[in-house]
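Visitor: Hi! Could you walk me through this one?
Guide: Happy to. Here it is.

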Amino acid sequence: MTECLFCKIINKEIGSSIVFEDEDVLAINDINPQAPVHILLMPKKHIANLDDIQESDQGLLGYIQYRAREIARQVGLDGNFRLMTNCGWKAGQRVFHLHYHLMGGKDME
Ligand code: 5GP
Ligand code: ZN
């Protein structure tokens, strides 16, 4: 049994609003959105954050960016979006399973 919140969401032990899912990636709506569109993209593989990646994860990380762009198009962000990840507590990371915030739908200045 994992204690990781996002692993529990990936394993469907905890419900979420799923935007996209395949064998490698899950995208869900953030429970506390900071923008009209606020989606979290995460690898299904448990990686704590960018400080925890391995050389062999490069393909997966590139795929997440590609998938983020595809989702951004699907939800109508029209080439205007922010994709960011917090690495470490001091950077604001609160869930220690790698995830990218895809945000948009308003002026993000
Ligand atoms: P972090 O601060 O780690 O970069 O981002 C964690 C994000 O996860 C926050 O934006 C927070 O709102 C979101 N979050 C925390 N718990 C849940 C949850 O149970 N479900 C969903 N969908 N999002 C969550
Ligand atoms: Zn996890």
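**Around the ligand**

Guide: A polar backbone atom of Ile31 lies 3.3 Å from a nitrogen atom of ligand 1, a polar contact, meaning a pair of N or O atoms within 3.5 Å. This is a predicted model, where local features need pLDDT of at least 70 and side-chain atom pairs count only at pLDDT 80 or more, while totals for chains, interfaces and linings use all residues. Residues are numbered from 1 along each chain as its sequence is written, chains are lettered from A and ligands numbered from 1 in the order in which they are written, and side-chain values use heavy atoms, with hydrogens and water left out.

Visitor: What does Gly92 do with an oxygen atom of ligand 1?
Guide: A backbone N or O atom of Gly92 is 2.8 Å from that oxygen atom. For His99, an N or O atom in the side chain sits 3.0 Å from an oxygen atom of the ligand.

Visitor: How much of ligand 1 does the protein bury?
Guide: Taken alone, ligand 1 exposes 520 Å², and the protein buries 82% of that. These areas come from the Shrake-Rupley method with a 1.4 Å probe.

Visitor: New topic: what is the largest pocket's volume?
Guide: About 390 Å³, counted as the space filled by probe spheres set on grid points. Of the 22 residues that line this pocket, the closest to its centre are Phe6, Asp30, Ile31, Leu40 and Val95.

Visitor: Which space is that pocket?
Guide: The space taken by ligand 1. A pocket is an open set of points on a 1 Å grid over the protein atoms alone, where a 1.4 Å probe fits, with protein on both sides within 12 Å along at least five of seven lines; lining residues have an atom within 4 Å of a point.

Key: Polar contact = N/O pair within 3.5 Å; in protein donor to acceptor, adjacent residues only side chain to side chain. Sits in = over half its atoms within 2 Å of the grid points.
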